[in-house]
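Student: I have a model open and would like to learn to read its features one by one. Can we work through it together?

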Amino acid sequence: MRIAVAKEIEVGERRVALVPDTVARLVKQGLEVSVEAGAGERSFFSDAAYEVAGAKIIADPATLWGEADVLLKVGVPQEREDGRSEVDLLREGAVLITFLNPLGQPAVVQRLAERRVTAFAIEMIPRTTRAQSMDALSSQASIAGYKAVLIAAAALPKYFPMLTTAAGTIAPAKVFVMGAGVAGLQAIATARRLGAVVEAFDIRPAVKEEVQSLGAKFVEVQLKEETVAAGGYAKEISEVSKQRTQEVVAEHVKQADVVITTALVPGRKAPILVTEDMVAQMKPGSVIVDLAAEQGGNCACTEPGKDVLWNGVTIIGPINLPASMPIHASQLYAKNLATLVQLLIKDSALQLNFEDDIISSACITHAGEVRNQRVQEAIAQVGTTV
Ligand code: NAD
């Protein structure tokens with residue numbers, strides 16, 4: 001059974017799917033591992049380190065993809081510079097595991113099904129206790145939350161902690177975190193460690209205790225509707241509820257030196273939590289870091305991938321923050337993938353038990369079929385709009 005690790009070709013993607021330590025573990029379990037030459041370069045893992053771990057380095061991508069039983073990568077397969085699609089390099093029956101963005105890129109999923117590839121979308125792993133060690137959304141979101149605070153601290157023209165100095169006393173920065181999922185909770189913890197006074201808000205009332213246990217104040221908004229969908233994710237809320245939350249959070253945004261937004265609703269554009277009016281009320285020098293920038297942004301003034309200065313407020317819309325910390329992002333992602341590989345491979349053979357909720361949720365294409373109904377609908381939608 002040959003596991004292959006591809007070099008990412010997406011501009012700005014610095015992560016790699018396996019690090020040498022995980023390669024060594026898989027080799028010890030009797031698997032063969034191939035790594036594309038230079039795959040770990042941008043995350044500071046050399047070809048030599050992979051070779052020491054027991055991997056075979058393969059320079060030609062077509063050979064690496066073509067010989068793979070299980071191909072591991074980070075991002076959605078793409079068109080290569082030579083005009084060939086990465087999907088077409090895989091052999092029939094091969095397994096692909098990656099962040100597949102199946103609802104956002106249904107055409108890629110359709111091609112994988114046509115090529116009879118068994119494709120797993122790592123972001124579709126259920127958020128259950130049993131699947132925790134495979135939960136790449138969490139491992140990467142945690143990095144994004146941490147890094148968002150460091151970016152905010154670097155951009156803020158103030159200290160974060162309270163300081164008592166001979167030259168006077170400095171008040172601590174006020175940080176307001178909107179959305180207290182995995183990224184938001186890590187942002188709260190990081191901002192607290194830097195000495196800020198932190199408040200947080202989420203439409204899921206269940207996070208109140210977690211927020212408080214990190215030493216932050218929870219901003220409560222009473223809504224007259226259910227805000228939690230299946231799987232524990234947030235629902236899209238009604239216009240009335242949006243209005244109500246905006247009324248409550250406006251005052252907290254106004255008082256904050258730093259606002260970090262992380263609110264997402266799966267399969268939807270990110271909700272606008274910070275309106276232009278709210279930004280206009282903020283103190284000059286304040287900073288907003290919008291982690292939802294890639295999904296359209298939680299702030300009305302966000303421009304994805306850019307820093308915007310708006311009425312004296314700096315609004316930062318970072319893209320792919322986990323890739324900016326590629327050593328640990330890759331290390332954690334590699335552990336997530338290796339655990340899934342171990343679930344799929346028994347006695348050096350692929351064993352797909354579709355009764356297993358992890359396998360049935362994350363497997364998007366198999367034996368020529370698209371297995372996920374929402375992805376089937378997305379494909380049909382693309383078909384009708386072409
Ligand atoms: P996410 O990235 O989908 O969303 C981030 C946060 O934004 C969520 O907390 C959500 O409630 C919040 N949000 C959405 N709309 C909002 C709005 N209008 N206003 C304010 N906040 C809003 O979330 P996530 O971090 O991926 O977590 C999703 C769920 O998965 C949570 O219930 C989390 O507890 C759960 N989870 C479980 C496990 C596990 O049990 N192993 C692991 C990780 C996450």
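The dialogue below goes through sheets, a helix and salt bridges.

Tutor: One caution before we start. This is a predicted model.

Student: Let us begin with the sheets. What is the strand order in the open sheet of eight strands?

Tutor: The order is β3-β2-β1-β4-β5-β6-β18-β19, and the pairing is mixed.

Student: Which strands stand at the edges?

Tutor: β3 (56-58) and β19 (369-370) do. Each has a single partner strand, so one side of each is left without a neighbour in the sheet.

Student: In which sense do β1 and β2 pair, parallel or antiparallel?

Tutor: Parallel: β1 (residues 2-5) and β2 (residues 32-36) are joined over four bridges.

Student: In which sense do β6 and β18 pair?

Tutor: They are antiparallel, with two bridges. Phe120 has Cys363 in β18 as its bridge partner. β18 and β19 likewise pair in the antiparallel sense over two bridges.

Student: Which residue takes a positive phi in the hairpin of β18 and β19?

Tutor: Ala367, with phi near 50 degrees. That hairpin has two residues between the strands.

Student: Now the open sheet of seven strands. What is its order?

Tutor: Read β11-β10-β9-β12-β13-β15-β14, again with mixed pairing. The edges are β11 and β14 (307-310). Each has a single partner strand, so one side of each lacks a neighbour in the sheet.

Student: How many bridges join β14 and β15?

Tutor: Four, in the antiparallel sense, with β15 spanning residues 313-316. Leu309 stands opposite Thr314 in β15.

Student: Which strands does α9 lie across?

Tutor: β9, β10, β11 and β12. α9 runs at about 150 degrees to β9.

Student: How should I read a helix such as α9?

Tutor: Start with the general idea. An α-helix has 3.6 residues a turn, so residues three or four places apart point the same way. Now check the span. α9 has 17 residues and reaches 25 Å from its first C-alpha to its last, close to the 24 Å expected.

Student: Where does α9 bend?

Tutor: At Val249, by about 35 degrees.

Student: Which residues of α9 are buried?

Tutor: Ser241, Thr245, Val248, Val249, His252 and Val253. The buried residues pack against β9 (174-178), β10 (197-201), β11 (217-218), β12 and α10.

Student: On to charges. How many salt bridges does a search of the whole structure find?

Tutor: The general idea comes before the count. Side chains of opposite charge can pair when their charged atoms come close. The search finds 21 salt bridges.

Student: What is the N to O distance between Glu247 and Arg244?

Tutor: The closest N and O atoms are 3.7 Å apart. Both residues belong to helix α9 (residues 239-255), where a spacing of three residues separates them by about one helical turn. Arg244 is partly exposed, at 37% relative accessibility.

Student: Which parts of the chain does the pair Asp257 and Lys283 link?

Tutor: Their side chains meet in a salt bridge of 3.6 Å, N to O. The pair links distant parts of the chain, 26 residues apart. Asp257 sits in the loop between α9 and β12 (258-261), and Lys283 in the loop between α10 (276-281) and β13 (287-290). Asp257 is buried, with a relative accessible area of 5%. Lys283 is partly exposed at 32%.

Student: Are Asp202 and Arg204 buried or exposed?

Tutor: Both are buried. Their side chains form a salt bridge at 4.0 Å, N to O.

Student: Where does Glu86 lie?

Tutor: In helix α4 (residues 86-89). Glu86 is buried, with a relative accessible area of 0%. Residues that Glu86 touches include Lys7, Trp65, Lys73 and Arg80.

Notes
Residues are numbered from 1 along each chain as its sequence is written. This is a predicted model: local features need pLDDT of at least 70, side-chain atom pairs count only at pLDDT 80 or more; totals for chains, interfaces and linings use all residues. Side-chain values use heavy atoms; hydrogens and water are left out. Buried means under 20% relative accessible area, exposed over 50%, partly exposed in between (1.4 Å probe, protein chains only). The expected span of a helix is 1.5 Å times one less than its number of residues. The bend at a residue is the angle between axes fitted to the seven residues ending there and the seven starting there. Contact means heavy atoms within 4.5 Å. Two strands pair if DSSP finds at least two bridges between them. Axes are lines fitted to C-alpha atoms, for helices over the stretch in contact, and angles run from 0 to 180 degrees between N-to-C directions.
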